[in-house]
Amino acid sequence: MDVKTRSRNRKRKRTVVPPAAATVPDLLPEEIVVEILARLPVKSLLRFKSVCRGWRAIISEPSFIRTQLQCSASKQEPSILISPHTLLGRCDIQPPVGGLGDWPNNFSTQISFYQWQRGASIARFMDATAFPANEFHLVCHLAHCDGLVLAPTDTNLYLFNPATRDTITLPDGHGDNHHHHGTEMEACYAAGLGLDPVTRKYKVVRAFYRSMDPIRMGMEVFTVGETGAGCGWRETVTDPPYPVSRWLTAFTVNGGYLFWYMDRTLHGGLLWFSLQDEAFGVTLLPHSLDPALDDKVRPDVLHGELCVLHANSDTMTVTIWTTNSPSFDDWERRYCIYVSRLCHPMGLLPDGGILLWAKHTIHRYDLWSDELTAVCELGGIRYQGGRPPRWKNLFNFSVMPYTESLVRITAAA
């Protein structure tokens, strides 16, 4: 190539992008820019903060963060967040039906998140955090609310936003969640995460033991993102009227409520906690259910509503009751599905189905034909970037409906 040709090529490269292109963001009305940006993935929004100061200001505004969250939550096809849990060594223990008492205590201290949607052949990598060795030894059930994920462990509570890749370790609470019961040490892992519908602030709630004989629990609240005097954990004004199952992470329900199963060795039903006024209440199970059927009854959340699932081994069916009444005592028998075991509802599908998760498989259940189809084998699907470390020592998965968001877990700069 001669010098003259190279000079022409250099000239063309300089004129491919006109100087006016740099000012394109300023040519659109701000409301149009907001409408466009709010429908983009969080990963793109984080990059677009560098386009210009105007876009950075828009994307950082609390009002835009709420708009983006609403757009993300309004998508008809459920998005699923997957967190594989691996062990540091081999383990022959199987996940128990009830509590965490038989779980291994050699969990890997890396917590990873992947996003999957029906029809995808690969789970997209979201985030991974490798905590120091021996910082914790087991991971309990995860909780999700508006793109935030709470991970209770045997030592700490961790809060993640997998989309923004932010992680914080919550400070130690005031109450003791370990208590001696005779010669044994009992640990309480009950915690929850939700949104106060009035202040629009996210709160983490944890239970702790006041005494073991009789069993009495207290609870304390941590408001995410607060700084200055008065921040940190604070005990609720009143204690819960009944103790909750010590291993169960709360279910987050629309309207700002957390639900735990009450300790069924003492009482039956669900304990609720209002994130708005920080008061407690009790919801009984549907009248036809026996709360003593520990392995056949399970509370859960479906499309933001509290639900209870009951497995009937004689008819090989699972019945789903839901309630959205203010007092949570008006149960409706919503679905009866023909499956052989209890499962977790992941969401309603726009084509007349329901997404279900059981152990290592996500299924689609057709509500018209009663056909059950496996749509994702969690152990066999491809994971972007490769499978997490120690995959050969895979123990279980945390799987939950997921809403991608820009919600901050630290105070705004």
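**Close-up 1. The salt bridge between Arg39 and Glu35.** In this predicted model, in which local features need pLDDT of at least 70, side-chain atom pairs count only at pLDDT 80 or more, and totals for chains, interfaces and linings use all residues, the side chains of Arg39 and Glu35 meet in a salt bridge with an N to O distance of 2.9 Å. A salt bridge is taken here as a side-chain nitrogen of Lys or Arg within 4 Å of a carboxyl oxygen of Asp or Glu, and by this rule the count comes to 16 salt bridges. Arg39 is exposed, with a relative accessible area of 54%, whereas Glu35 is partly exposed, at 43%; buried stands for under 20% relative accessible area, exposed for over 50%, and partly exposed for values in between (1.4 Å probe, protein chains only). Residues are numbered from 1 along each chain as its sequence is written, and side-chain values use heavy atoms, with hydrogens and water left out.

**Close-up 2. The nonpolar surface patch of Leu28, Ile32 and Ile36.** Leu28, Ile32 and Ile36 form a nonpolar patch on the surface, and together they have about 240 Å² of accessible area, as given by the Shrake-Rupley method with a 1.4 Å probe, where for residues only the protein chains shown count as cover. Patches are made of residues with over 30% relative accessible area and no salt bridge, like charges being joined within 9 Å and nonpolar side chains (Val, Leu, Ile, Met, Phe, Trp, Tyr) within 5 Å. Ile36 is placed in helix H3, residues 30-37, and is partly exposed, with a relative accessible area of 45%. Helices (H or I, at least four residues) and strands (E, at least two) are DSSP runs, numbered from the N terminus.

**Close-up 3. The salt bridge between Arg210 and Glu235.** The side chains of Arg210 and Glu235 meet in a salt bridge at 2.6 Å, N to O. This pair links distant parts of the chain, with Arg210 in strand E11 (residues 202-212) and Glu235 in strand E13 (residues 233-235), 25 residues apart. Arg210 is partly exposed, with a relative accessible area of 32%, and Glu235 is also partly exposed, at 37%.

**Close-up 4. The salt bridge between Asp239 and Arg216.** Asp239 forms a salt bridge with Arg216, and their closest N and O atoms are 3.6 Å apart. Distant parts of the chain are linked by this pair, since Asp239 lies in the loop between E13 and strand E14 (251-253) and Arg216 in strand E12 (residues 215-223), 23 residues apart. Asp239 counts as partly exposed at 25% relative accessibility, as does Arg216 at 40%.
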